[in-house]
Amino acid sequence: MRGLGWFLAALGALLLTVGVSAAVVLGPDSRFTTGPHPVDTSGTVVLTQPGVIGWRGLQVDVLVEVPADKPVFVGLGNSVDVTDYVAETQRLEVTSFQRPWDITTETVDGRPGLPGAPTALDWWIAGSAGLGGASISVTLPDETTSLAVVAVGATNLSGLEVTLAYGPRGGFAASLGVALLGAGVLLAGVVVLRGGAVTAGDEDDDLEVVEEIVYVVVDEHGVEREISAAEAEALGLVEDAEGDDEPVGTQAAPARMLDDDPERASRGGSDDGSLDGVLPDEPTPGPVDDPAPSVAPTSSVTTAPLVEEDVVYVVVDEDGVEREISTAELADYDLEEYELVDEDEESPR
Amino acid sequence: MRRLPLVLLTTALLVAACTVPQQRTDETLGKVAATPQEIDAVFERYATVRDTAARLLSPNPLSIIQTEAVLDIETGSFEMAQRLAASDPERDDPIDVQRTYTPRFGSYPLWFVAVVRDEGREVTRVQVFERAAAADPWLLIATPETVLDAELPDLRERDGAVVRVAADDDAGTGVSAQQAADDYAALLADPEAEVATTFAEDGFVEQVRAAAEQNRALEGVGFEQTWEAQEVRHAVRTSDGGTLAFVDLSRSDTYDVPDDVTVTWPEDSPQRAFIPEGLSTTGTLLYRHQVLMLIPVGDEPPRVIGQFGGVVGAEGF
């Protein structure tokens, strides 16, 4: 258990650190942003060679800007389409890209114009055109793609600037999620470690039961109070407070251990130590408006009320009718013979 | 119970991993020719343009949806209808695209195969649409009609794309698509020609030979017919390892007519559209034919299971 606890704590701390760090780095927009970066070209096309974009699932935002409100198009397409589209056109090809912005380029000769307007093509995965600038926001698909910036019409891309932002879609939220997950795992590890201190060595993961004897007495008003073992012993409620775990009351009635009943235990406290006996199985009703204590512990501590053994005298008259009489009436009768009948017997008293 | 945290953690990490960007390891160029949505758009445009051409009784709009032999053949057909002032209401019937097959390509041209049913004419066509370049539109380039008893074979697919066959690939079949096309053209030109390929009998060959015999029987008229197979560019692998090839054939019928004779064709024939007054000297009628050739795996002879063709021009008269 302790090993698992340490593992969870370490893993949780790691996830928490990673999640928080990623959230801080990405920011609420989940993007790393770089630019604007100038691209030196006077041609009509700039594109990335196949393989330069080597990621999938990455959210990419591209903003291209050209001066003088020149019309410009930016698009992402399958490299099969893009390379065929610009195959005959003079262009600047980006041959490598390193984050955050380190590119190498290569100029390829060709015709000045393109075979068609980029906006008329249907195979762009994402594309946008605008005057002076255009932008796309796209999640990179699992295919070889190329990014192309195309001058629309009879213009060129001189003065081109590119701003790039990229990051996992929903990365900030995911980072927070990882951080929360880490916190949870860390907390779970701590809980396991703390639980392991109590239950160390228990391979079955069961809690060890620590028995604690709580002595509770109920005063004459029916109020439960908890008393210490010494007090109980002083009251003669305990035969051997040290050596015997079984609570001993003043009578044979069983005392209840309340360690599993905190509500009841909380009700048993007493400031003055006034005692009425050990808590019987059933609560003893009593007045609540008279807090004066009593130190007559014997009567209420028994489950079977302690009463003077009463004798019932029964006479049978001349008609054979059985009749109960009192002790006082007994003198009026001349009892020459009588029969003692035990109450446990089924015969009439 | 003690495994629950680990299970939850593992699940959370796996779910998170699915959304995390990953570096691609496969950088090969490639794409499936067209997505289903693109194919739907192609057919929608095709139907719209054909409907326009039919209503105008003009072949001019056809050039934006079809090309090469199909355009030539259909143009001839439209010109005949135009000359005869005959409408062709069947062209307005919708076509039902029953199945499409899209190969994967690393470069242009791209093409895909579609099996369509023309309920108006009660024929099934196996069509090929091609995009020659990224800036070009999708154009119909082949549309042979299957013969009545033909059963189209299932095509082999890999990674969601139908498998293409190179024109010179004879693996499993013993004869390549190009060789079969060349041999078929040779046999059409001369039934006695010695070719490496033995073909199953088909109605198209019989029809062509019968027509040639009729022309040769014209009294005093010299007749010569030639056939030539074009480069096979569209062939796919069948599921059993055979090849389904789209073969384009060029045919020319040359007539040497004496001075006092005129050769004419029936009023509603496509030939009449090209030679309204008939031939009174020497002239040649040009035809294009497209055949759908199934080259089975093993020793079975290749057979033609579909055909589409017609007059595309005339010269020398």
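In this predicted model, 2 bridges connect strand E3 of chain A with strand E1 (residues 22-23) of chain B, and the two strands run antiparallel. Within this pairing, Arg56(A) has Gln22(B) of E1(B) as its bridge partner.

**Contact between chains A and B**

- Chain A contributes 31 residues to the contact, and chain B contributes 24 residues.
- On the side of chain A that touches chain B, at least two residues come from each of these elements: helix H1 (2-26), strand E3 (55-56), helix H2 (79-85) and helix H3 (171-199).
- Sorted by class, that side of chain A holds 16 nonpolar, 8 polar and 7 charged residues.

**Strand E10 of chain A**

- Strand E10 (residues 145-151) of chain A is mostly covered, with 7 of its 7 residues buried.
- Thr145(A), Leu147(A), Val149(A) and Ala151(A) point one way from the strand, while Ser146(A), Ala148(A) and Val150(A) point the other way; all of them are buried.
- E10(A) pairs in the antiparallel sense with strand E2 (residues 45-48) of chain A over 3 bridges.
- It also pairs in the antiparallel sense with strand E5 (residues 71-78) of chain A, over 7 bridges.
- Ala148(A) can be followed in both pairings: Leu47(A) stands opposite Ala148(A), and Gly75(A) also stands opposite Ala148(A).

**Helix H3 of chain B**

- Helix H3 (residues 68-84) of chain B has 17 residues, which should span 24 Å at 1.5 Å a residue.
- The buried residues of H3(B) include Ala69(B), Val70(B), Leu71(B), Ile73(B), Phe78(B), Met80(B) and Ala81(B). Asp72(B), Glu74(B), Thr75(B) and Gly76(B) are buried as well.
- Among the elements of chain B against which these buried residues pack are two helices, H2 (36-56) and H6 (270-274).
- The buried residues of H3(B) also pack against strands of chain B, namely E7 (139-142), E13 (243-256), E14 (282-295) and E15 (303-315).

**Cis peptide bonds**

- In chain A, the peptide bond from Gly35(A) to Pro36(A) is cis, with omega near 10°. Pro36(A) lies in strand E1 (residues 32-38) of chain A.
- In chain B, a cis peptide bond joins Tyr108(B) and Pro109(B), with omega of about 5°. Pro109(B) is placed in the loop between strand E4 (104-105) and strand E5 (110-118) of chain B.

**Positive phi values outside glycine**

- Ala68(A) is not a glycine, yet its phi is positive, at about 60°. This residue lies in the loop between strand E4 (58-65) and strand E5 of chain A.
- Ala68(A) counts as exposed because it has 9 C-beta neighbours inside 10 Å, and a residue is exposed if that number is 12 or fewer.
- Glu68(B), likewise a residue other than glycine, has a positive phi near 55°. Its place is in helix H3 of chain B.
- Glu68(B) counts as partly exposed because it has 17 C-beta neighbours inside 10 Å, whereas a buried residue needs 20 or more.

Note on methods: Residues numbered from 1 in each chain as written. Chains lettered and ligands numbered in written order. Predicted model: local features only at pLDDT ≥ 70, side-chain atom pairs only at ≥ 80, totals over all residues. Helix = DSSP H or I, 4+ residues; strand = E, 2+ residues; numbered from the N terminus. Expected span 1.5 Å × (residues − 1). Contact = placed C-beta atoms within 7 Å. Nonpolar A, V, L, I, M, F, W, Y, C, P; charged D, E, K, R; others polar. Pairing = 2+ DSSP bridges.
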